[in-house]
Amino acid sequence: MIVADRVTGAARGFIQQIRIAHSAWLKVACACVALLALPFVFRLDGRAHADWLQFVGRFHPVLLHLPIGLIVLVPVLEMAGRTRPALREAADFVLRGALALALPTLALGYMLAYGSGDTGTTVSRHMWGGIVLCIGLMLCLLVRPVWAAGGQAFIYPALLTATLLALIWTGHEGSSITHGSDYLTRYMPGRLGALLRSTSTSGASPDSFYAQRVDAVFEAKCVACHGGGTQKAGLRLDSYSNVMRGGKDGPVIVSGKPEASMLLARVTLAPGDPHFMPAEGRTPLTSDEISGIRAWIQSGGTATATNIPGGNPADGRADDRAEPAPQPVGDYSQLMPEILRMETGLGAKLVPVSSKPSDGLILRTVDVAPSFGDAQLAQFQKFAPYVVEVELGRTAVTDASFDTLKTFTHLRALHLEGTSISGNGLAKLSSLTDLAYLNLSGTRVGSQAIAPLRNMPHLRHLYLFNTPAQSSEETSRLHENESAK
């Protein structure tokens with residue numbers, strides 16, 4: 001009887017273990033199917049979907065180093081556990097912790113890509129690498145108990161090795177998104193470096209203005225987000241054909257019309273604007289680089305022209321010398337206590353251009369743009385003589401703001417993009433003799449409204465992308481006159 005009871009108990013235990021194993025395999029199989037279906041249910045289509053997804057997803061790089069460290073630690077503990085069994089027991093705990101952290105890390109990364117509209121080969125590879133890595137960890141957890149009990153000597157080590165290789169691949173693709181695909185090979189010396197470095201994909205004549213000036217700027221400051229690996233908004237800037245093709249929102253270059261070219265509009269926004277490019281805190285384009293791109297677009301945006309009027313750096317410097325030096329605005333130091341009180345009450349900021357008070361102030365409204373209107377702008381009129389740049393992009397200002405803006409006598413740059421102004425009263429800005437930059441993109445300004453700006457002595461940069469005036473003949477003539485100055 002005793003022997004029979006023992007046999008019966010052993011059989012029950014064996015049956016229970018089989019049931020547990022079947023249950024575990026079923027759970028892992030369901031989890032694998034869900035992970036593999038994720039890219040097909042929520043496709044990375046190159047469009048931004050939600051700001052909150054981007055906000056949460058940006059914690060992906062904060063979390064990802066934790067599962068990486070734990071995954072690397074597992075084989076170390078397994079090998080050390082040959083002589084110290086306690087370390088092998090710890091390996092199981094570390095492996096479970098790695099999976100527990102890898103799954104939310106994958107979720108955050110996918111939320112970041114889906115929310116911000118990231119797409120491209122490198123993004124896809126990084127995504128699939130993360131999925132394979134999580135599946136590998138789950139399979140390792142399933143087969144490890146059998147291996148630890150002395151059975152199936154090769155399956156678990158093989159799966160763990162494959163998981164480590166998936167980790168290396170995924171990490172490489174992730175770093176390529178952040179630093180570019182040639183980050184490791186860019187400065188590699190000798191023939192090996194020449195062999196591994198990717199060749200230029202400009203698609204233009206090597207000695208053309210585009211290849212020498214424009215493509216060089218895109219390669220240095222744009223392709224990290226708009227290249228073969230990552231294509232935010234479906235836009236690639238790594239070859240001439242891709243540049244002219246545009247992205248999800250349409251063409252970004254309109255040949256012969258810089259004022260209608262979305263690319264130029266984005267790189268000339270105020271740095272605090274959410275649509276400013278390059279994004280993510282990357283180095284902005286210099287004035288010479290912007291002037292070169294503008295001259296290239298104005299000349300027709302060709303892939304073969306080698307000499308473009310106004311496109312040479314020497315020409316730009318000559319134009320700069322022709323402009324009078326900015327006049328000092330006076331010392332506003334005694335007004336600083338009042339300026340600080342204004343910032344506290346209204347949220348908008350008066351930021352010094354430099355440590356020298358005579359260089360003036362910049363009015364920035366990006367933090368309170370939706371609630372900043374004509375009444376709030378009027379409260380800054382007291383500081384008007386000291387303000388040299390006003391950033392009102394996407395604020396609630398109207399045409400009534402021109403009555404206040406005309407008192408900013410030292411104003412050199414004015415951002416009004418994305419506002420509801422129609423241009424009624426725009427002629428009041430004609431008295432601002434120092435105004436050199438005016439961005440009216442995304443407004444309702446028509447060609448008649450901008451006609452009075454034709455005689456402004458120093459207005460060199462006027463942007464009218466996505467306005468009724470952008471394709472008018474009068475606009476084209478105005479910019480021809482600007483190029484001749």
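Biologist: What should I know about the model before reading its features?

Modeller: This is a predicted model, in which local features need pLDDT of at least 70 and side-chain atom pairs count only at pLDDT 80 or more, while totals for chains, interfaces and linings use all residues. Residues are numbered from 1 along each chain as its sequence is written, and side-chain values use heavy atoms, with hydrogens and water left out.

Biologist: At what angle do the axes of helix H5 and helix H6 cross?

Modeller: Helices (DSSP runs of H or I, at least four residues) and strands (runs of E, at least two) are numbered from the N terminus. Axes are lines fitted to C-alpha atoms, for helices over the stretch in contact, and angles run from 0 to 180 degrees between N-to-C directions. Here the axes of H5 (residues 85-116) and H6 (residues 121-148) come within 10 Å and cross at roughly 155°, which makes H5 roughly antiparallel to H6. The cut-offs are under 35 degrees for roughly parallel, over 145 for roughly antiparallel and 65 to 115 for roughly perpendicular, with the rest oblique.

Biologist: Is the crossing of H5 and H6 left-handed or right-handed?

Modeller: A crossing is left-handed if the near helix is turned anticlockwise from the far one by less than a right angle, and right-handed if clockwise; the crossing of H5 and H6 is left-handed. Contact means heavy atoms within 4.5 Å, and the residues that make it include Leu 95, Leu 99 and Tyr 110 of H5 and Met 127, Ile 131 and Trp 147 of H6. The residues of this contact of H5 with H6 comprise 18 nonpolar, one polar and four charged, where Ala, Val, Leu, Ile, Met, Phe, Trp, Tyr, Cys and Pro count as nonpolar, Asp, Glu, Lys and Arg as charged, and the others, Gly among them, as polar.

Biologist: How do helix H4 and H5 pack?

Modeller: H4 (residues 65-80) packs with H5 at an angle of about 160°, their axes being 8 Å apart, and the two are therefore roughly antiparallel to each other. The crossing of H4 and H5 is left-handed. Among the residues that meet are Leu 70, Val 74 and Leu 77 in H4 and Val 94, Leu 101 and Thr 105 in H5, and the contact of H4 with H5 divides into 16 nonpolar, two polar and two charged residues.

Biologist: In what order do the six strands form the sheet?

Modeller: Two strands pair if DSSP finds at least two bridges between them. The six strands form an open sheet in the order S1-S2-S3-S4-S5-S6, with mixed pairing, and the edge strands, S1 (349-352) and S6 (461-463), each pair on one side only. S1 and S2 run antiparallel and are joined by four bridges, whereas S2 (residues 361-364) and S3 (residues 387-391) pair in the parallel sense over four bridges. Lys 349 has Arg 364 in S2 as its bridge partner, and Leu 361 has Val 387 in S3.

Biologist: Is Phe 402 buried or exposed?

Modeller: Buried means under 20% relative accessible area, exposed over 50%, and partly exposed in between (1.4 Å probe, protein chains only). Phe 402, which lies in helix H16 (residues 402-405), is buried, with a relative accessible area of 0%. Its contacts include Leu 416, Ile 421 and Leu 426, not counting residues up to four places away in sequence.

Biologist: Where does Phe 465 lie?

Modeller: Phe 465 lies in the loop between S6 and helix H18 (473-484). Phe 465 and Lys 257 are 208 residues apart in sequence and 9.3 Å apart in space, C-alpha to C-alpha.
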